[in-house]
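Open your viewer and get the selection tool ready.

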Amino acid sequence: MNLEEHFERTVRKDQRIEPRDWMPDAYRATLVRMIAQHAHSEIIGMQPEGNWITRAPSLRRKAILLAKVQDEAGHGLYLYSAAETLGVDRGELTEKLVSGRQKYSSIFNYPTLTFADVGVIGWLVDGAAICNQVPLCRSSYGPYARAMIRICKEESFHQRQGYELLMTMMKGTEAQRRMVQDATDRWWWPSLMMFGPPDADSSHTERSMAWKIKRHTNDELRQKFVDMTVPQAEALGVTLPDPDLRWNAQRGHYDFGEIDWAEFKRVLSGNGPCNAQRAARRRAAHENGAWVREAAAAHAAKRTERKVA
Ligand code: 3HC
């Protein structure tokens, strides 16, 4: 059996491809693209909620938010480490991010206007991330699948803390209830866009599914998220901003309205509400942190010299 046949058989048998295994260049390139952009999303995703750490309404909320934002940094590190098993360097990936040559999730280009946004991000954005990422725990590439297991466990905490925050606000004043509804109105449709373009416009899904990198299509996971979230919204007492949302007993799913794909394309092309701010902040953090990287490298070199001497 030649290397290609061995690769195909491993994937077909739902076994894992490991870093030292032979893999098609296109398989490697797809994984680098997907894992790098996932890692970038985690790191950029620290910004919207990070804005509220110093303004959290209580010590408890501040501690929870600090833990969550710190988790996102850790997710980024796991994923950059998974990407490095494919022969790329995280410094190069960061350069591609800050120069706009690689993407991060569209969802993080929206502003967090009130503290209710912190709850809605936990509920909807981390809820969508769980829908999108639990199947990746069965991805054919070993390091990615294993990184996702711990990430998904932590995302569950993220989703629950957000929903609990909103439950508390909905039992509060009328003004707090209005804040939750306003945040839900602003984050609902961008959360559906997180799952990517419609399957018919998805350039990568077919191949990623054949290689069992992705285990479901964009539309399948989007539908799963809608079906899971509608009862949660009802329990919370908020209205999802879609007049076409209704249960379809024949399909056994919720029908929902048309997503504004023009907005999605605008955000992907860098013209979302916060794209420039997010990129500038990430670039500044990378530049301001150069001395730390240089000091760590110098320290490592000295230790190696001492060992060799
Ligand atoms: N934001 C930005 N770019 C997106 C996007 C989105 N929401 N959805 C799709 N795209 C891009 C793709 O990257 C691709 O562009 P590229 O060729 O330049 O990479 C193009 O649009 C076509 O989309 P496809 O559907 O063909 O691409 P994929 O097959 O890669 O599917 C995906 C897109 C569903 C996001 C898939 O890449 C994926 O599942 N990635 C892993 C999970 C991930 O990255 N999730 C990000 C969520 S953020 C997060 O989890 C943080 C948490 O703390 C909330």
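Is Arg222 buried or exposed? Select Arg222 to find out: with a relative accessible area of 2%, Arg222 is buried. Bear in mind throughout that this is a predicted model.

Asp219 is partly exposed, at 30% relative accessibility.

Next, move to helix H8 (residues 174-193) and pick Asp182 and Arg186, which are 4 residues apart there. These two also form a salt bridge, with the closest N and O atoms 3.0 Å apart. Asp182 is partly exposed at 32%, and Arg186 is partly exposed at 23%.

For a pairing across the chain, select Lys212 and Asp14. Their salt bridge brings the closest N and O atoms to 3.1 Å, and it links distant parts of the chain, 198 residues apart. Lys212 is in the loop between helix H9 (205-210) and helix H10 (218-236), while Asp14 is in the loop between helix H1 (3-12) and H2. Lys212 is buried, at 19%.

Now select Glu49, Lys68, Glu72 and Asp126 together: salt bridges link them in a network.

Finish at helix H5 (residues 90-98), where Leu93, Thr94, Leu97 and Val98 are buried. They cover an arc of only 130° around the axis, so they lie on the same side of H5. Show helices H2, H4 and H12 as well, which are among what covers these buried residues. At the N-terminal end, Asp89 caps H5, with a side-chain oxygen 2.8 Å from the backbone nitrogen of Gly91.

Technical notes
Residues are numbered from 1 along each chain as its sequence is written. This is a predicted model: local features need pLDDT of at least 70, side-chain atom pairs count only at pLDDT 80 or more; totals for chains, interfaces and linings use all residues. Side-chain values use heavy atoms; hydrogens and water are left out. Buried means under 20% relative accessible area, exposed over 50%, partly exposed in between (1.4 Å probe, protein chains only). Helices (H or I, at least four residues) and strands (E, at least two) are DSSP runs, numbered from the N terminus. The arc is that of the directions from the helix axis to the C-beta atoms. Contact means heavy atoms within 4.5 Å. A polar contact is a pair of N or O atoms within 3.5 Å; within protein, one must be able to donate a hydrogen and the other to accept it, and residues adjacent in sequence count only if both atoms are side-chain atoms. A salt bridge is a side-chain nitrogen of Lys or Arg within 4 Å of a carboxyl oxygen of Asp or Glu.
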